[in-house]
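Please consult the sequence and the coordinates shown here alongside the text.

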Amino acid sequence: LLALAISVYVDGVGYTVLHLVAIAGVGAYVFAVLTRYAVPAPLAGVAGAAAAGVAGLLSAELIRWLRDDGLTLATFGLGVAAFELFRYLKITEGARIPSLLGGDSVAANAGTAILVLVTALMIIGAWRQSVAGAVAVALRLDESGAISIGAPIQSHQRLAGGLAGTVAGVAGVVLASSTHFIEPR
């Protein structure tokens with residue numbers, strides 16, 4: 001799932017980003033906190049993915065002016081900052097996190113992961129076949145050319161950030177629900 005999230009940036013707009021593990025942490029922590037307060041796990045999972053999507057969108061907004069090494073370093077900085085924030089806040093305090101779709105068996109966890117992965121693959125596949133996905137690929141091929149014809153680059157950067165963030169958030173939710181534990185490392 002994290003590789004799929006990264007591919008949205010790399011295959012789409014052509015950017016190498018290093019902050020998506022931190023975005024996965026946002027999804028995992030939102031899931032963990034909400035389930036701690038008796039929110040049903042599937043609803044908490046959706047909320048975690050949505051929160052990560054918003055974090056991905058905000059990150060895309062922060063980095064949209066950067067390119068090449070500056071972009072990579074800035075996204076690394078975002079990841080380190082999130083790690084330090086998670087470490088400092090001690091959000092879950094060792095609470096046991098429930099399974100996403102119930103059941104603690106290896107088969108249940110594997111089934112959940114496979115279901116989520118297939119769904120994410122279908123969503124990313126649909127995006128890549130869409131007009132937005134085609135424009136994102138065109139941006140990767142020649143960003144200056146895309147700017148010259150008036151392509152809405154910022155919109156596609158935001159779309160890539162939100163989509164990648166959501167998929168990374170789902171990865172964090174699946175990790176937290178299958179291991180029943182989350183901490184910064």
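Helices H2 and H3 cross in a right-handed sense. The model in which this crossing is seen is a predicted one. The axes of H2 and H3 lie 8 Å apart, and the two helices pack at an angle of about 145°. On the H2 side the contact is made by Ile23, Val26, Gly27, Val30, Phe31, Leu34 and Thr35. On the H3 side the contributing residues are Ala41, Ala44, Gly45, Ala47, Gly48, Ala51, Ala52, Ala55, Gly56 and Ser59. By class, this contact of H2 with H3 comprises 11 nonpolar and six polar residues, with no charged residue.

| Helix pair | Crossing angle | Axis separation |
|---|---|---|
| H1 (residues 2–13) and H2 (residues 20–36) | about 125° | 10 Å apart |
| H2 and H3 | about 145° | 8 Å apart |
| H3 (residues 41–63) and H8 (residues 153–179) | roughly 145° | within 6 Å |

H3 also passes H8, again in a right-handed crossing. From H3, this contact draws on Gly45, Gly48, Ala49, Ala52, Gly53, Gly56, Leu57, Ala60 and Glu61. From H8, the partners are Gln157, Arg158, Gly161, Gly162, Gly165, Thr166, Gly169, Val170 and Val173. The residues of the contact of H3 with H8 divide into six nonpolar, 10 polar and two charged.

Leu2, Ala5, Ile6 and Tyr9 of H1 meet Leu20, Val21 and Ala24 of H2. This contact of H1 with H2 consists of seven nonpolar residues, with no polar and no charged ones.

Which residues line the largest cavity? Its lining is formed by Tyr9, Tyr15, Ala60, Ile63, Arg64, Leu71 and Gln157. The structure holds one cavity of 30 Å³ or more, and the largest cavity has a volume of about 30 Å³. Five nonpolar residues, one polar residue and one charged residue make up the lining of the largest cavity.

Terms used:
Residues numbered from 1 in each chain as written. Predicted model: local features only at pLDDT ≥ 70, side-chain atom pairs only at ≥ 80, totals over all residues. Heavy atoms only, no water. Axes fitted to C-alpha atoms, helices over the stretch in contact; angles between N-to-C directions. Helix = DSSP H or I, 4+ residues; strand = E, 2+ residues; numbered from the N terminus. Contact = heavy atoms within 4.5 Å. Nonpolar A, V, L, I, M, F, W, Y, C, P; charged D, E, K, R; others polar. 1 Å grid on protein atoms, 1.4 Å probe; cavity = no way out; pocket = protein on both sides within 12 Å on 5 of 7 lines; lining within 4 Å. Points joined across faces, edges and corners; volume = space filled by probe spheres on them. Left-handed = near helix turned anticlockwise from the far one by under 90°.
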